[in-house]
Structure formats: C-alpha cells, structure tokens
Amino acid sequence: MEPIQGKSEKELKCKFKIQDRETIKQIVQDTLAAYQIMPVSDAKLKPQVDEYFDTPEYLLAHREHSLRVREMKDGGIEGTYKIGGKQGEAILDRPEATIMIQEKSARALIEGAKEQYRIDLPEGIVSAIFVENQRVKQDYSIRGIELELAFDDVTNIDANTGKRKKASRDEFEIEFKSDIEPEKAEEIMERIWLTVLRKCSEQGIWIQKSKHNKYVSALIDLGIISDKDRVPEEQK
C-alpha cells in the first residue's frame, strides 16, 4: 500500500476541550501575530462531509492510514489516501495521494489508486464512517510562506449503524500550504507549539498534540476500535 509518490502535508494538529474553544482560538491567533504570521484572509466557515473507506477489519485504521472521499465545490469527487507520517517535535509530515475519481465507490478508489499511483488498496474496502465537519478556515503568511489555520467542529457517523456522535474533543490544525524545507517548517511550528502550550498551561487549559488522524479519532470516539488496537510500527 506504500510508498506514496504524491505530496506531503506538514501540519501541527492539536486537540482541546470543547468549552475552551474561544480561549484557545485567541491564544493561537495571538501567538501567530507575535511571530509576524499575519492573516491574509477573513475566517470563513467551510462545512465538509467526508466518507472514509476501510476493510471490515479496519486494516487501514490499525496502521494509521486513511482513505477519504470528498465532494468538491465544483461538483467533482476527490479521493485522498494518507499513510501514517513522521512526527517531529511539532510537525506531522504525512505523505498523501490525491485520487481523481468519477464516483463514490470502492471500485473507483481501487482502480484510481492503481492507475494514478500504482498503489494497491485492499480489495475488500467498504464505506466505514462519515465525518461531518463545521470547519472554520483562515489563510496566513510569513515572509511569503502560506499557512492555513483551521478549527474543526466534528460529528462522526457510523456508516453501518447510522450512530451519530459529536467528537469528544475539538481540534485545530496549522498547515503549510507553500513548499518549505522540512527543517524550516519544524523550526517555525515548534516555536508556535511551545508558545501555545505555555500560554495554555498558564491559564490551566488542557491541550495536546493529536495522537491520531481524523479517521482513527472518529473510530475511537464511536467505540468501533480502541486506542490500543493500532499495529505497532515494527509490525507494519
């Protein structure tokens, strides 16, 4: 199922208690301003509904992989396959491949991954869950380097039972949208993370870097898999 010959996302993802959302938002915005990372757009609500595919045994989730389908604003359909990335002190560097498909189906994903990237997805994949996300996004820039700040408000839905559940924690992520050297990206994001962590600690606010991707977090929140179900790195 790997390696992926696609792009790689570089981001800081953090979870926090839902009731602390507005305070954390202000802390993050103040921290970015302190490092002269300035907004270049207004914050906008971008609702998303994502469908995730996996095997009935959740093989992808156990390896911290995800296979997502999303309808685009222009009416197109886009698949995204991501594998477990490399976690630095602050940045998660995660390879991903965008799979262009014509329909929401397991077959379209399997054939598209094979034709476009020579990726062999499991033949038995099926729809696993839906993730509804009321995402608020804003674009930032530092010396010509583009970043995106997003705050997520997620509801997870089991595709098999229809069970709906609000995510137990809210999340924000800061992602580089411009090409940047990994070392430079890590340096910038580590300063942001340590400052946010310190300010939260001073106010007695709980925050931590996200341990899992959105798909795995959703499965855990829905009680479909447990945190200990992940396959150890050496067994992948």
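Axes are lines fitted to C-alpha atoms, and the angles between them run from 0 to 180 degrees between N-to-C directions. The exercises below concern a predicted model.

**Exercise 1.** Describe how helix α1 and helix α4 are oriented towards each other, and state which residues meet.

*Solution.* Begin with the general rule that two packed helices are described by the angle between their axes and the distance between the axes. Here the axes of α1, which spans residues 21-34, and α4, which spans residues 182-202, come within 10 Å and cross at roughly 135°. Angles over 145 would count as roughly antiparallel and those from 65 to 115 as roughly perpendicular, and α1 and α4 are therefore oblique to each other. The crossing of these two helices is right-handed. Next, look at the side of α1 that includes Ile-24, Ile-27 and Val-28, which belong to the set of residues meeting a set in α4 that includes Ile-192, Thr-195 and Val-196. Sorted by class, this contact holds seven nonpolar, two polar and two charged residues.

**Exercise 2.** Describe the second largest pocket and what lines it.

*Solution.* Start with the volume, which is about 320 Å³. Of the 20 lining residues, the closest to the pocket's centre are Lys-15, Ser-168, Arg-169, Ser-217 and Asp-221. Then turn to the elements: β10, β12 and α5 each give two or more residues to the lining, and α5 gives the most, with five. Finally, the lining divides into six nonpolar, five polar and nine charged residues.

Key
Residues numbered from 1 in each chain as written. Predicted model: local features only at pLDDT ≥ 70, side-chain atom pairs only at ≥ 80, totals over all residues. Heavy atoms only, no water. Helix = DSSP H or I, 4+ residues; strand = E, 2+ residues; numbered from the N terminus. Parallel < 35°, antiparallel > 145°, perpendicular 65-115°, else oblique. Left-handed = near helix turned anticlockwise from the far one by under 90°. Contact = heavy atoms within 4.5 Å. Nonpolar A, V, L, I, M, F, W, Y, C, P; charged D, E, K, R; others polar. 1 Å grid on protein atoms, 1.4 Å probe; cavity = no way out; pocket = protein on both sides within 12 Å on 5 of 7 lines; lining within 4 Å. Points joined across faces, edges and corners; volume = space filled by probe spheres on them.
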